[in-house]
Amino acid sequence: MTRAPLEKCEQAHIVQLLKSIGAAVYVLGTRRPKGDYQGTRQTPGIADLEVWLPQRGAMAPRLLKVEVKRAGGRLRPEQVTYQQQCRAAGIAHVVGTLDDVIAWLVTEHYLTAGQVPHYRQPQKST
């Protein structure tokens, strides 16, 4: 049985992919201070990544929020609220793994299926 990659590994791959398509990526609060404090000192619920996707043709740059989760990971209540607020404001918000981000980028035409390895292709719903 293979274990799902850690969130920090998923996040590193997502950041690398987004930068490769020309996005400006800001990592929010993932560094923990040394000592006994266990939190990240950021407001609970805020997404892990703030991404400014590049301009495409006449379309302006677009803001994307990414909450990185390893396979099977779940949102905490604060994260659900933040996701709902983003969507209500028209801000794209993706939750999940590298594959979930790839699927969103293909759907939104930032990537084409031909640019994605076959094992990372978005799965079609049946």
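A: Helices (H or I, at least four residues) and strands (E, at least two) are DSSP runs, numbered from the N terminus. The model is predicted, so to speak of a local feature requires pLDDT of at least 70 and a side-chain atom pair counts only at pLDDT 80 or more, whereas totals for chains, interfaces and linings use all residues. Residues are numbered from 1 along each chain as its sequence is written, and side-chain values use heavy atoms, with hydrogens and water left out. The protein has three helices and four strands, which follow one another along the sequence as α-β-β-β-α-β-α.

Q: What share of the 126 residues is buried?
A: A residue is buried under 20% relative accessible area, exposed over 50% and partly exposed in between (1.4 Å probe, protein chains only). Buried residues come to 31% of the 126 in this protein.

Q: At what angle do H1 and H3 pack?
A: Two packed helices are described by the angle between their axes and the distance between the axes. Each axis is a line fitted to C-alpha atoms, for helices over the stretch in contact, and the angle runs from 0 to 180 degrees between N-to-C directions. Here H1 (residues 7–20) and H3 (residues 98–107) pack at about 25 degrees, with axes 9 Å apart. Angles under 35 degrees count as roughly parallel, over 145 as roughly antiparallel, 65 to 115 as roughly perpendicular and the rest as oblique; H1 and H3 are therefore roughly parallel to each other.

Q: Which residues of H1 and H3 meet?
A: Contact means heavy atoms within 4.5 Å. From H1, Glu10, His13, Ile14, Leu17 and Leu18 meet Leu98, Val101, Ile102 and Leu105 of H3. By class, this contact holds seven nonpolar, one polar and one charged residues. Nonpolar covers Ala, Val, Leu, Ile, Met, Phe, Trp, Tyr, Cys and Pro; charged covers Asp, Glu, Lys and Arg; the others, Gly among them, are polar.

Q: Is Glu10 buried or exposed?
A: Glu10, in helix H1, counts as buried because its relative accessibility is 9%. Beyond residues up to four places away in sequence, Glu10 touches Pro5, Val68, Lys69, Thr97 and Leu98.

Q: How are the rings of Trp104 and Tyr110 arranged?
A: Rings of Phe, Tyr and Trp (its six-membered ring) pair if their centres lie within 6.5 Å; planes under 30 degrees apart count as stacked, over 60 as edge-to-face and the rest as tilted. The structure holds one aromatic pair. The rings of Trp104 and Tyr110 are stacked, because their centres are 6.1 Å apart and their planes stand at 15 degrees. Both residues are buried.

Q: What phi does His109 take?
A: His109 has a positive phi of about 65 degrees, although this residue is not a glycine. His109 lies in the segment after H3 and counts as exposed, at 63% relative accessibility.
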